[in-house]
Amino acid sequence: MSFSVLMSLYIKERPDFLRQSLDSVFIQTLPPDEVILVEDGPLTDELYSVINEYKKTHSQLKSVTLEKNGGLGNALNVGLKHCSNDLVARMDTDDIAKSNRFELQVEYMRNHPEIAVCSAWVDEFVDNPDNIIAVKKIPSIHEEIYVYAKKRCPINHPVVIYRKSAVIESGGYGPFPEDYYLWGNMLKQNYKFHNLNESLLLFRSSNDVYKRRGGWKYFKAMSSLQKYLYKIRFLSYKEYLYNMSIRSVVSLLPNYWRKQIYTHLLR
């Protein structure tokens, strides 16, 4: 079953992280037929050097160039149009896929044509891939995922695989948080989801991750998401009010306490 890998890269990414990520993609037990790398705006010379190096040794790697940085959602929507296969696996340019990730996910999607989206658990690490600080687990079966999605994002986006046709028919990625808009739309439109009960990706974490999940700007973005999910009737009014109250507290907490909540209560 042919499949594509979709990645997005912008100027602030580190070349060494990109190298680790691409290595993990190309040493898979089931290698991809193509890797679509969206260059989201101008990049550094160091990043271009890594891209050109891998293009020489891996013909599957293809770049899609955007003149200006438009954000992850826009980059992925553009990149999807360039994916030749209906089955598309997402991959971030600073994470590390476990060697059997694609084999397990593609096999599952081949055996379950009714499933539109399939993710898995991720191991979160700091600095060194051996330094695992948490495992982000999410529900497995569709019915549990649907309920879970009313309070938290139900899919680990960096390790998801999905059917391109279903994503495009659902409207694609939205504004930040880009993927949560997409999952809400797809669940509301009765697309079926599944998550594998094992970690298939090493997710690069740091204190900056928790900083990005807080502050007024983040709270406004999450508020807009909750309003949208209520607007499409994915959330009831009671669920909307509950989510707003909880997220307002977590978003506006000092970073130290937000980190404690994520690492000890939400993992």
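**Exercise 1. Find which helices the salt bridge between the side chains of Arg-19 and Glu-53 ties together.**

Step 1. The side chains of Arg-19 and Glu-53 form a salt bridge, 2.9 Å from N to O. The criterion is a side-chain nitrogen of Lys or Arg within 4 Å of a carboxyl oxygen of Asp or Glu.

Step 2. Arg-19 is in helix H1 (residues 15–26) and Glu-53 in helix H2 (residues 45–57), so the pair links parts 34 residues apart in sequence. Helices (H or I, at least four residues) and strands (E, at least two) are DSSP runs, numbered from the N terminus.

Step 3. Arg-19 is partly exposed at 30% relative accessibility. Glu-53 is partly exposed as well, at 36%. Buried means under 20% relative accessible area, exposed over 50%, partly exposed in between (1.4 Å probe, protein chains only).

The model is predicted: local features need pLDDT of at least 70, side-chain atom pairs count only at pLDDT 80 or more, and totals for chains, interfaces and linings use all residues. Residues are numbered from 1 along each chain as its sequence is written, and side-chain values use heavy atoms, with hydrogens and water left out.

**Exercise 2. Locate the salt bridge of Lys-98 and Asp-123.**

Step 1. A search of the whole structure gives 6 salt bridges. In one of them, the side chains of Lys-98 and Asp-123 meet at 2.7 Å, N to O.

Step 2. Lys-98 sits in the loop between E5 and helix H4 (101–111), and Asp-123 in strand E6, so parts 25 residues apart in sequence are tied together.

Step 3. Lys-98 is partly exposed at 25%. Asp-123 is buried at 10%.

**Exercise 3. Contrast the buried residues Asp-92 and Asp-94.**

Step 1. Asp-92 has a salt bridge with Arg-90 (2.5 Å, N to O). Both residues are buried.

Step 2. Asp-94 is in the loop between strand E4 (87–90) and strand E5 (96–97). Asp-94 is buried but has no salt bridge; Arg-204, the nearest side chain of opposite charge, is 4.9 Å away. Lys and Arg count as positive, Asp and Glu as negative; His and the chain ends are not counted.

Step 3. List the contacts (heavy atoms within 4.5 Å). Leaving out residues up to four places away in sequence, Asp-94 touches Glu-13, Phe-17, Ser-21 and Arg-204.
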